[in-house]
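User: I am new to this structure and would like to be guided through it by questions and answers. Please show the sequence and the model.

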Amino acid sequence: GECDRAIEVYFNVLSMRKAILGDTDPSIPDTLSYISSALKRKGSTTQAIKELKRALKLYRSSLGDAHPRVTATVDDISSLYIINGDYTKATAILEEVVKLKAATGGINNAEVAKTLLELATAYESNGEHAKALRSLKKCYSIEAVVYGESSDHATKTLERIALNYKTNKDTERAVAAYLGVLRGRKEHVGEAHPVVADTYLQLGIALRENKQPDKAMKCMKQALSFYVGEGKNMNDVGMIAEVMHEMALIHRSRGQLTDAIKIYKQELTIRQKMGKRELHQVA
């Protein structure tokens, strides 16, 4: 196909440049990078990594570690490892990218934050949630400075922090993080917005898991009032069912079984109207 022809042409160009200009000519690592990109498009990521590493070695020897081209190449190698599912190597390289970007542009810049998010994703994929949290916290601190604490960037990162706390069963810290998300979203988009309702739902779940049923119920009522007020599409109706399920769980945790059964029945009716046969476990 086209990728095979492109790879063949690039290798021919590489051979000619080496013969005419020598192995250390500045055009050689660029050509290796082009070959790597073509191999990536073809799906040959392992070979693409090899060629990119050859390019990196030449870039480093000619440009030095602090050059943006070196940083970009290291970043590209980490992306290829992620595609390959080799998260251990990807995280090791991304840690290096963070240091390189901080050295060239300072710690409080958007590029460092972006790489920290990529690093956190790789750690999450590898099941290393404690390390993911460390990266996300660093990212949040940077985004709070660069974009502001209530910015969409910082709030989304804080939400990921909350999710990782939840995964780690650290319900107290999850609640604190979701409270921060709620504040940020209210400041950013106002009270009457779907993402605010969604955050009330997630905060309510965290509060229930942290054995604070009264506060959890207040959050669920806030979320429900929005979804009922909208009710314009199936997503809103589905979210009403989700909230009602959580409200039933809260009633059950309080020992209020009559109320729990009543709400479970209402949830069931909604889900049946939506045409869904699969239902939450309610026993």
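This is a predicted model: local features need pLDDT of at least 70, side-chain atom pairs count only at pLDDT 80 or more; totals for chains, interfaces and linings use all residues.

User: How many residues does helix α1 have, and what span does it reach from its first C-alpha to its last?

Analyst: Helix α1 covers residues 2-21, which gives 20 residues. At 1.5 Å a residue, a span of 28 Å is expected. The helix comes close to that figure, reaching 28 Å.

User: Which residue just after α1 takes a positive phi?

Analyst: Helix α1 runs over residues 2-21. Just after α1, a phi of about 100° is found, and the residue that takes it is Gly22.

User: What is the area of the nonpolar surface patch made by Met16, Ile20 and Leu21?

Analyst: Met16 has its place in helix α1. Together with Ile20 and Leu21, Met16 makes a nonpolar surface patch of about 340 Å².

User: Which element gives the largest share of the lining of the largest pocket?

Analyst: The largest pocket holds about 190 Å³ of space. Its lining has 13 residues, and among those closest to the centre are Ser33, Leu52 and Asp76. Two or more lining residues come from each of α2 (27-42), α3 (45-63) and α4 (68-83). The largest share, 6 residues, comes from α2.

Conventions: Residues are numbered from 1 along each chain as its sequence is written. Side-chain values use heavy atoms; hydrogens and water are left out. Helices (H or I, at least four residues) and strands (E, at least two) are DSSP runs, numbered from the N terminus. The expected span of a helix is 1.5 Å times one less than its number of residues. Patches are made of residues with over 30% relative accessible area and no salt bridge: like charges are joined within 9 Å, nonpolar side chains (Val, Leu, Ile, Met, Phe, Trp, Tyr) within 5 Å. Accessible areas come from the Shrake-Rupley method with a 1.4 Å probe; for residues, only the protein chains shown count as cover. A salt bridge is a side-chain nitrogen of Lys or Arg within 4 Å of a carboxyl oxygen of Asp or Glu. On a 1 Å grid over the protein atoms alone, a cavity is a set of points where a 1.4 Å probe fits but cannot get out, and a pocket is an open set with protein on both sides within 12 Å along at least five of seven lines; lining residues have an atom within 4 Å of a point. Grid points are joined across faces, edges and corners, and a volume is the space filled by probe spheres set on the points.
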